[in-house]
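This report describes a pocket, a surface patch and selected residues of the structure shown below.

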Amino acid sequence: MREAGNTVISIIGARTKDLLILEEEMARVSSVLKVSTDDGSYGYHGFVSDILQDFIDAGTTINLAVAIGPYP
């Protein structure tokens with residue numbers, strides 16, 4: 001998507017820093033990468049949905065959102 005000229009905002013998260021995966025890979029394909037951990041051990045303390053809401057509240061134009069996550 002980024003190679004096609006799009007701004008790609010990626011938000012990744014995990015319960016703890018030790019469970020976080022693919023940070024370097026996502027950084028390479030993203031224009032902006034935000035990281036969160038539920039326990040605050042790394043990056044933003046909270047959920048990825050909180051970071052997404054911050055982008056929305058700031059008026060960031062988001063044309064497509066793709067969410068991938070664990071089963072509830």
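Helices (H or I, at least four residues) and strands (E, at least two) are DSSP runs, numbered from the N terminus. The model is predicted: local features need pLDDT of at least 70 and side-chain atom pairs pLDDT 80 or more, while totals for chains, interfaces and linings use all residues. Residues are numbered from 1 along each chain as its sequence is written, and side-chain values use heavy atoms, without hydrogens and water.

Leu20 is found in the loop between β1 and α1.

Met1 lies in the segment before β1 (9-14). Met1 counts as exposed because its relative accessibility is 63%, where exposed means over 50%. Together with Leu64, Val66 and Ile68, Met1 makes a nonpolar surface patch of about 530 Å². Residues of such a patch have over 30% relative accessible area and no salt bridge, and their nonpolar side chains are joined within 5 Å.

The largest pocket holds about 1600 Å³ of space. Among its 38 lining residues, Ile9, Ser10, Ile11, Val66 and Ala67 are the closest to its centre. Lining residues have an atom within 4 Å of a grid point of the pocket. β1 gives the largest share of the lining, six residues. The lining divides by residue class as follows.

| Class | Lining residues |
|---|---|
| Nonpolar | 23 residues |
| Polar | ten residues |

Terms used:
Patches are made of residues with over 30% relative accessible area and no salt bridge: like charges are joined within 9 Å, nonpolar side chains (Val, Leu, Ile, Met, Phe, Trp, Tyr) within 5 Å. Accessible areas come from the Shrake-Rupley method with a 1.4 Å probe; for residues, only the protein chains shown count as cover. A salt bridge is a side-chain nitrogen of Lys or Arg within 4 Å of a carboxyl oxygen of Asp or Glu. Buried means under 20% relative accessible area, exposed over 50%, partly exposed in between (1.4 Å probe, protein chains only). On a 1 Å grid over the protein atoms alone, a cavity is a set of points where a 1.4 Å probe fits but cannot get out, and a pocket is an open set with protein on both sides within 12 Å along at least five of seven lines; lining residues have an atom within 4 Å of a point. Grid points are joined across faces, edges and corners, and a volume is the space filled by probe spheres set on the points. Ala, Val, Leu, Ile, Met, Phe, Trp, Tyr, Cys and Pro count as nonpolar, Asp, Glu, Lys and Arg as charged, and the others, Gly among them, as polar.
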